[in-house]
Amino acid sequence: MVDETGSTDDRRLAEELAATLSEAQAALPAAGPETLTVIRRRYRRGQRRRAGLASVAAAVLVLAVTLTGTQLIRGGGLGAPPANDGDATIRVWAITPPVRDSALQELVERYGEETGVRVELTLYGNEEYKQRLRGVGEDPAGPDVFVSWGGAELARLARTGRLLDLTGPLRERPGVAERFLPDVLAGGAVDGRQYGLPMSGTHPVVLFYNRDVFARADLRPPRTYAELLQLVDRFSANGTIPLTLGGAQGWTELMYVMYLAERIGGPGTTADVAAGRPDAWTKPAVLQALREARDLAERGAFGADFASIGYDDGTAGRRLASGEAAMQLMGTWEYPTQLGRDSDFVLDGRLGWVPFPAVAGGVGDPADLVGVPAQYFSVAGHSRHRAAAVDFVRAVAGDAYLDDLVADGEVPPVVDAATRLRGSTHAEFTTSISELVARAPSYGLAWDQAVDPETASKLNTNLRRLFRSELTAEQFAALMSN
C-alpha cells in the first residue's frame, strides 16, 4: 500500500538508515570541522547527481562511513585508508586541465579529505610536460603519481624499472580495471602487465567548426576531403581563415598528416610508425598525406601567420570562437577547453563537430579514429608512499570522479559511458563522441605519443618545416628514416 508519504519499503529503508546513523554517532566522538567539511562536500556532490530518497540514503551511508573512518570509493569497494601512509604527502604530476574546477582537482581534494593523505598536485603545459616526463623515475624528489599518454614512453619507463607494476594491486580491488573499455585499458599495459590506469576522457581528434560562420555563408561541414578543399577556397575568398592552426607547435600540424595517412592507407600506416618500421615514412600513403598537408598550407587553409600562432596560449582556439576562423582540427579536449575560456560559445550551441572527412580512393575506413584513447595514471617505482599512491590511482574508477569528468564535458572510457552521459549538461557532444568511439573499427594513438621522445621531437620539428614549405614530402620522409 502506497500513500502520499511513499511506500512502506521506502519508509522502512529510511528508518533503518536513520538507526544505523544514530548508532554510529553514539559510538564515536562528535564530528570536528574537518569531518563536517567532508560531509558538506559529499552532500553538494550528491545533490548534483541524484534526487529523492535514493540520494538521501546515499548521503546517510556516506556520512556513516565517514564518521567511522572508513574510506569509500564507489565502484571500487570499501577499504581502509592506506596503512602507515596517513601522514604521507604524495606528489602528483599532470597536464593543466582545460577547466578551472576540474575532475582531477576535485579528486585531489576529495582524496585528501577522505584519507588524511596530503596530495601535492603540480600542473604543466603540454610541451613542458613532455620534457618533464622524460626524467620521471630518475629523481627521488620526482612524482609519486604521474600522467602519460601510454605508447613508447610508458613502455620505456616500465621496461627500465621506473614504474610500479599495478597488476597485483588492481586484482586486489575487483571491479576497478573492469570498469574501463578493454582496448583503452590495454593502452596502459606493457608486456602483459598493467602500468597505467585511464584517468581522463577519451580524446579522438575531430573537426570542430563555428556553426554561426557556416550559417552566414550558407555552407555545411565537409563529409569528404574534396568538400573540405572547396570550403578552404570559399572561406579564403571571403576573408575568413578556413582552419585555425597553432602552427608554432608541430603536434597540431601532425593531426592533418595522421588522418590523411589513415584515410588513404588504413590503420596499418599508424601501426608501422608506432612500431618504428624502417619503411614507415616512405610508404605511398604517408608520402601522399605529407604532400596534401603541405598543399593545404600553401593553399592558405591556415591563414598567413599560422606558423607563429600558439595553441597552448589559447590563440588558435579564440580564432574559432570569435568567428575569425571557420574550423579547427583538434582533439576532443577542445570542447572543455572552449567551455573554460568562452562558455557562451559552447553553451549557446555555436560550436559544432564532425569526424575527419573521407578521402576518395583511400582504403581507410571513414569511421577510423586517431587521437588519444586516454591519459594514464602510473606510480613511480621509487615512491616512498606506494600504498597511498596506488590507492589514489585506483580512485579514478570511482563514480564520483567519473561523474565529475562528465560534468567537465569529457567522455570517460568506461563500459557504462552511455548511461552516464545520458541527460548530462553536455550530452549532445559527449554522446556523439562516445558513439564515434564505439563504432570505430580502429582507434590509433597519435604518432607523437606512440613513438619514443627523440623521434617525436624530430617529427614535430620536421612538421613545422614541412608546413612552411621548407621540406618536400620526400625530404621529410628521408629525415625521419635516418
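1. Let's start with Ser469. In this predicted model, Ser469 has a relative accessible area of 30%, so it counts as partly exposed. Its phi is positive, about 65°, although the residue is not a glycine. As for location, Ser469 sits in the loop between H22 and helix H23 (473-481). For background, most residues other than glycine have a negative phi.

2. You'll find Asp218 in the loop between helix H9 (211-217) and helix H10 (225-237). Buried or exposed? With 70% relative accessibility, Asp218 counts as exposed, because the cut-off for that class is over 50%.

3. On to helix H6, residues 151-159. Its buried residues are Glu153, Leu154, Ala155, Leu157 and Ala158. Which elements do the buried residues of H6 pack against? On the helical side, they meet helix H5 (126-134) and helix H22 (453-467). Their strand partners are E7 (145-148), E8 (189-190) and E16 (376-379). After H6 comes Gly161, with a positive phi near 75°.

4. Two of those strands, E7 and E16, turn up again in an open sheet. Five strands make up this sheet, in the order E6-E5-E7-E16-E10, and the pairing is mixed. Strand E6 (118-124) and strand E10 (197-198) are the edge strands; each has a single partner strand, so one side of each lacks a neighbour in the sheet. Inside the sheet, E7 and E16 pair in the antiparallel sense over four bridges.

5. Now the nonpolar core. The largest one has 134 residues, and those with the most contacts inside it are Phe302, Met327, Phe377, Phe392, Trp447 and Phe467. Helix H11 (residues 250-265) gives the most to this core, contributing ten residues. More generally, nonpolar side chains in soluble globular proteins tend to be buried together.

6. Trp447 is worth a look by itself. What does Trp447 touch, leaving out residues up to four places away in sequence? The list is Leu254, Val257, Met258, Ala261, Thr270, Val273, Trp281, Val286 and Leu459.

7. Next, the largest pocket, which holds about 750 Å³ of space. Its lining has 40 residues, and Ile95, Thr96, Pro98, Trp333 and Gln375 lie nearest its centre. By class, the lining divides into 23 nonpolar, eleven polar and six charged residues. H11, already named as giving the most to the core, also gives the most to this lining, with four residues.

8. How many cavities of 30 Å³ or more does the structure hold? There is one. The largest cavity contains about 30 Å³ of space. Thr202, His203, Thr332, Pro336, Gly409, Glu410, Val411, Phe429 and Ile433 form its lining. By class, that lining has four nonpolar, four polar and one charged residues.

How values were computed: Residues are numbered from 1 along each chain as its sequence is written. This is a predicted model: local features need pLDDT of at least 70, side-chain atom pairs count only at pLDDT 80 or more; totals for chains, interfaces and linings use all residues. Side-chain values use heavy atoms; hydrogens and water are left out. Buried means under 20% relative accessible area, exposed over 50%, partly exposed in between (1.4 Å probe, protein chains only). Helices (H or I, at least four residues) and strands (E, at least two) are DSSP runs, numbered from the N terminus. Contact means heavy atoms within 4.5 Å. A nonpolar core is a set of buried Ala, Val, Leu, Ile, Met, Phe, Trp, Tyr and Cys residues joined through side-chain atoms within 4.5 Å. On a 1 Å grid over the protein atoms alone, a cavity is a set of points where a 1.4 Å probe fits but cannot get out, and a pocket is an open set with protein on both sides within 12 Å along at least five of seven lines; lining residues have an atom within 4 Å of a point. Grid points are joined across faces, edges and corners, and a volume is the space filled by probe spheres set on the points. Ala, Val, Leu, Ile, Met, Phe, Trp, Tyr, Cys and Pro count as nonpolar, Asp, Glu, Lys and Arg as charged, and the others, Gly among them, as polar. Two strands pair if DSSP finds at least two bridges between them.
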